[in-house]
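Me: I would like to go through some of the labels used for this model and see what each one rests on. Please set each value against its cut-off.

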Amino acid sequence: MTHMTMRRRGVLRAGAAGLLGLGVQSIFPAWAHSGSHGLRAELPTLTGQDIRLRIAHDMFKVGGRAGHAITINGVLPAPLIRLREGQNVRLHVENALDEDTSIHWHGLILPFHMDGVPGISFPGIKPGTTFTYEFPVKQSGTYWYHSHSGLQEQIGHYGPLVIDPAGAEPAPYDREHVIVLSDWTFLHPHQVMVKLKQKGGYFNRQKQTLLDGTMTAAERANWGRMRMDPADIADVNGSTYSFLINGHGPAENWTGLFRPGERVRLRFINASAMTIFNIRIPGLPMTVVQADGQHVRPVETDEFQISVAETYDVIVTPTADQAFALIAETIDRSGMARATLAPRLGMVAPVPALRPRPTLSMRDMGMGGMDMGGGGTCAPEHAAMGHCTPGQPAAAMQHSMRDKASVPASVDVGVGVDMIAPMPVDRTGDRPLGLEKEPHRVLTYHDLAPLVPFHDTRPPARSVDIHLTGNMERFMWSLDGRKMNEGAEPIRFERNERVRVNLINNSMMNHPIHIHGHFFELVTGQAHGHPVKHTVNVMPGGKASFDLTADAPGDWAFHCHLLYHMHAGMMNVVKVRPLDDGGAA
């Protein structure tokens, strides 16, 4: 099916749904209503051993406009599913669309054929049919679920999933709210994709100009020589997106209630297609107690960045009878989602203005903060590359951005790769882009320590390098220079082997990399231990490593969770063998 055909069908569906939905109202589940007292037993919640979900076309309204959506059980975001560790669950999913669909249970440990990725772990759900997922619930924490079919996730096919622990809750609380972050556009997702392919930086309305910003003339000259845009931070942004909290736009101001003095748990889920958010609640410190559903030692911060597909649980304790603004500012500062925490509905806190948009640096180009213009003394990393002598003046750098010598021969440096980071460095301890100089505390991965050490203490027996590659101008994305649909060789692990995976970001974009069916230890080198996660954001021009115990036999998706990057090819299959029946295919 061509994009144009899909676009035409989408418009027709939207028109038909619009006729049925004249005067359409926003369609929120009970947990997402503004003025919510939080997740309570009396709220209609999907729970128990048998749960039914129906996926269908619908209309959704935000900011006074209505557009075509895909909803689950008629609401957007989808219903909250609440399970308990140790139970079994059957989820009956009816497809009322006129195209295939699927649900992936993001972060859950389950048999691979229940993971919900068409073409990898199951065939998908055909129109007019019902598929039943059935698996034991082996974990607790905050998770979510979403489509893994086409670009359905962009138009509403996502929802929260909370699993209560079988025993005592390590981080007790008096009240809890789910905070689902997302991005919404009235453009059909395939129109978004077409525009990204037609013109590099199509949605970027914040390009660097001659007079704005704080760059020196030399820095501007360097960027000009590289023919790169230091403001190219988000592929799709506020020029078309409305940023939502629990389905509500900024002007609609979703409000969650509390009583002063309560410990309020906020379960943040970034269900966006393409948007990385910086989260803060001015005047209210946040204590992080979970990351990606895994308990961490409580750590207090004033701001944290949540990449696409990550979850963070924080506890706040507002003691005053006042409202607090919950701000989710996009990484490129092209917009924000905004909500309010308050003792009573109608109270409003001051909303800070968007901060100045950041620009990329040489470190984001994989040059490790090097002085591109020369001057100063020779840094150790320069000396290691043979560019200068320790203690002597540093020479000007003349790196080629497509120097094949910078990557192994296994990386296919063709038309799909327009940049190779010359000197990528571990950036898991770096403050996120734009937050480097904030005067308050900002969370980094180095601040995260597991509450319970990972069960496998073996050192890795081998290591695997995976390069995150792309051509930004042509919007081509890949792993090791190969797109999945061009026959990229699967990544193979022996069952139960311990392996270190090194992710090397050769592009100037962030990439949240997610592996299905497993958790991994993110290698931070910190004495307090390595956080356990299922998704890691690899910063531009940087590296991140994780230690994986390949204990889940089967075929698993491995990909960038920026929806359009994945759709363009930044995805592969991880094969863990042998299977339970001894199969080795």
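Me: Why is Thr311 called buried?
Reply: In this predicted model, Thr311 has a relative accessibility of 1%. Buried means under 20%, so Thr311 counts as buried.

Me: What makes the approach of the Thr311 side chain to the backbone oxygen of Thr142 a polar contact?
Reply: The distance is 3.3 Å, and the cut-off for such a pair of N or O atoms is 3.5 Å. The Thr311 side chain also reaches the backbone nitrogen of Gly293, at 3.4 Å, which is again within 3.5 Å.

Me: Which residues is Thr311 in contact with, leaving aside neighbours within four places in sequence?
Reply: Among them are Trp144, Phe268, Ile269, Gln290, Ala291 and Ile306. Thr311 itself lies in strand β18.

Me: How do you know that β18 pairs with β15?
Reply: Pairing needs at least two bridges, and four join β15 (residues 286-291) to β18 (residues 311-316). The two strands run antiparallel, with Thr287 opposite Ile315.

Me: What joins β15 to β16?
Reply: Five bridges do, against the two that pairing needs, and these strands are antiparallel. Val288 has Val299 of β16 as its bridge partner. The two strands form a hairpin with two residues between them, and Asp292 in the turn has a positive phi of about 55 degrees.

Me: Why is β15 described as largely enclosed by the rest of the structure?
Reply: Because five of its six residues are buried.

Me: Where does the pLDDT fall below 50?
Reply: Over residues 1-22, and it also stays under 50 over residues 371-376. The chain mean is 90. Where pLDDT is low, the predicted coordinates should not be read in detail.

Note on methods. Residues are numbered from 1 along each chain as its sequence is written. This is a predicted model: local features need pLDDT of at least 70, side-chain atom pairs count only at pLDDT 80 or more; totals for chains, interfaces and linings use all residues. Side-chain values use heavy atoms; hydrogens and water are left out. pLDDT is the predictor's confidence in each residue, from 0 to 100. Contact means heavy atoms within 4.5 Å. Buried means under 20% relative accessible area, exposed over 50%, partly exposed in between (1.4 Å probe, protein chains only). A polar contact is a pair of N or O atoms within 3.5 Å; within protein, one must be able to donate a hydrogen and the other to accept it, and residues adjacent in sequence count only if both atoms are side-chain atoms.
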